[in-house]
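Here's a quick tour to read alongside the model. Keep the 3D view open and click along as you go.

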Amino acid sequence: MARPRVLSGIQPTADSFHLGNYLGAVRQWIALQDSHDAFYMVVDLHALTVHPSAPELRRRSRVAAAQLFACGLDPERSSVFVQSHVREHSELAWILICQTGMGEAGRMTQFKDKSAKAGENAAGVGLFTYPILQAADILLYQADQVPVGADQKQHLELTRDLAQRFNTRYGPTFTVPSAFILKEVEKITDLQDPTAKMSKSSSSPQGILDVLEQPGPLRKKVMRAVTDTGSEVVADEENKPGITNLLRIQSAITGTPIPELEARYAGQGYGTFKKEVAEAIVELFEPIRERTEKLLGDEAELDRMLAIGAAKARAVAAETMEKVRANVGFLPTAG
Ligand code: TRP
């Protein structure tokens with residue numbers, strides 16, 4: 001039996017991944033490498049929706065790719081690539097745009113949120129078609145499962161609808177993928193506002209833990225994390241969201257169940273606990289930062305690794321596109 005195929009993507013829109021990206025996505029992608037036929041990409045076409053400058057996009061794409069490898073994705077076992085290296089993404093996106101209703105695209109809650117933030121009529125068309133490009137990413141590779149956070153569920157539903165619609169209109173072409181919703185237990189919140197998700201777009205710098213950050217500032221941020229009244233280290237989402245977030249972080253990193261951590265820190269107060277959480281984070285991030293810096297210092301090696309991924313991705317994408325082109329009625333090219 002062939003291994004099920006998984007595919008996911010991460011946007012190169014920051015100068016570092018943060019702890020939420022790592023625990024909520026990248027670490028779980030790594031775990032799927034051996035049991036699945038895995039495709040992971042840096043989605044630079046999607047990043048254009050927020051208008052980075054060319055040097056910024058280049059830098060962030062490199063940093064994202066280097067971090068994926070530094071975190072443990074293996075170019076031999078997985079296909080790790082940059083989306084724009086495979087031209088078929090844009091080609092399939094147009095064809096899927098033509099299968100999508102205005103109302104259907106307009107109902108996407110992320111589009112509504114992002115366009116509301118941009119202000120009336122200021123949102124770009126790219127934000128509107130963003131989920132359709134994402135559908136193209138997924139369907140090009142005939143992915144069986146898409147490991148994403150719960151916030152991507154609606155985009156996955158759209159992808160499934162488009163696959164089914166296309167297959168009905170033009171004949172069997174695409175695998176209809178299922179969402180593989182990543183573990184919510186590992187939902188990480190903002191250190192300064194522990195009821196909000198840790199997020200590059202909404203967290204303050206003090207609220208976010210960057211993978212590439214130096215140990216000093218990392219420790220400081222954890223020590224200054226908003227905690228709750230009282231002094232008991234216990235998980236209580238409602239009354240102690242700050243401590244609960246730190247417990248979740250500690251548990252996710254060390255693999256120790258939360259009740260065991262609660263027992264260990266009983267009667268010790270917040271100070272000792274926070275210090276140990278900070279150490280766990282520093283220990284996790286240090287080697288990743290070092291490997292990332294090494295790869296960023298050797299562009300030829302990074303490019304070589306990405307070329308391996310692009311070649312594997314292109315082979316699959318080209319095969320799907322050949323089918324798509326024939327099924328929609330495009331004329332074959334001579335020769
Ligand atoms: N929209 C996804 C996010 O912001 C990123 C993404 C783009 C993606 N293409 C994808 C995720 C394909 C999974 C599969 O997280």
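In which strand is the place of V148? V148 sits in β4, and that's a handy way into this predicted model. From there, we'll move on to the ligand and then to the nonpolar cores.

**V148 and its surroundings**
- Is V148 buried or exposed? With a relative accessible area of 8%, V148 counts as buried, because the cut-off for that label is under 20%.
- Leaving out neighbours within four places in sequence, V148 is in contact with S8, L156, F180, I181 and L182.

**The shell around the ligand**
- β4, the strand that holds V148, also turns up here: β1 (5-10), α7 (125-140) and β4 (145-148) each supply at least two residues of the shell around the ligand.
- Which element gives the most to that shell? It's α7, with four residues.
- In total, 13 residues surround the ligand, and the closest are G9, Y130, Q134, D137 and Q152.
- By type, the shell divides into six nonpolar residues, six polar ones and one charged.

- D137 has a side-chain N or O atom 2.7 Å from a nitrogen atom of the ligand.
- For Q134, a polar side-chain atom lies 3.0 Å from a ligand nitrogen.
- Q152 likewise places a polar side-chain atom 3.0 Å from a nitrogen atom of the ligand.
- How much of the ligand does the protein bury? On its own the ligand exposes 360 Å², and the protein buries 88% of that.

**The nonpolar cores**
- The largest nonpolar core is made of 57 residues, and L19, L68, L209 and I281 have the most contacts inside it.
- Helix α12 (residues 269-296) provides the largest share of this core, 11 residues.
- Apart from that core lies another one of 37 residues, including A105, A135, L162 and V316.
- To see what packs around L209, skip residues up to four places away in sequence: L209 then touches F17, H18, L19, L191, M198, L218, K221, V222, I281 and F285.
- Two of the names in that list, L19 and I281, are also among the residues with the most contacts inside the largest core.

Methods. Residues numbered from 1 in each chain as written. Predicted model: local features only at pLDDT ≥ 70, side-chain atom pairs only at ≥ 80, totals over all residues. Heavy atoms only, no water. Core = buried A, V, L, I, M, F, W, Y, C linked by side-chain atoms within 4.5 Å. Buried < 20%, exposed > 50% of the residue type's maximum accessible area, 1.4 Å probe, protein only. Contact = heavy atoms within 4.5 Å. Near = heavy atom within 4 Å. Polar contact = N/O pair within 3.5 Å; in protein donor to acceptor, adjacent residues only side chain to side chain. Areas by Shrake-Rupley, 256 points an atom, 1.4 Å probe, with all protein chains shown as cover. Nonpolar A, V, L, I, M, F, W, Y, C, P; charged D, E, K, R; others polar.
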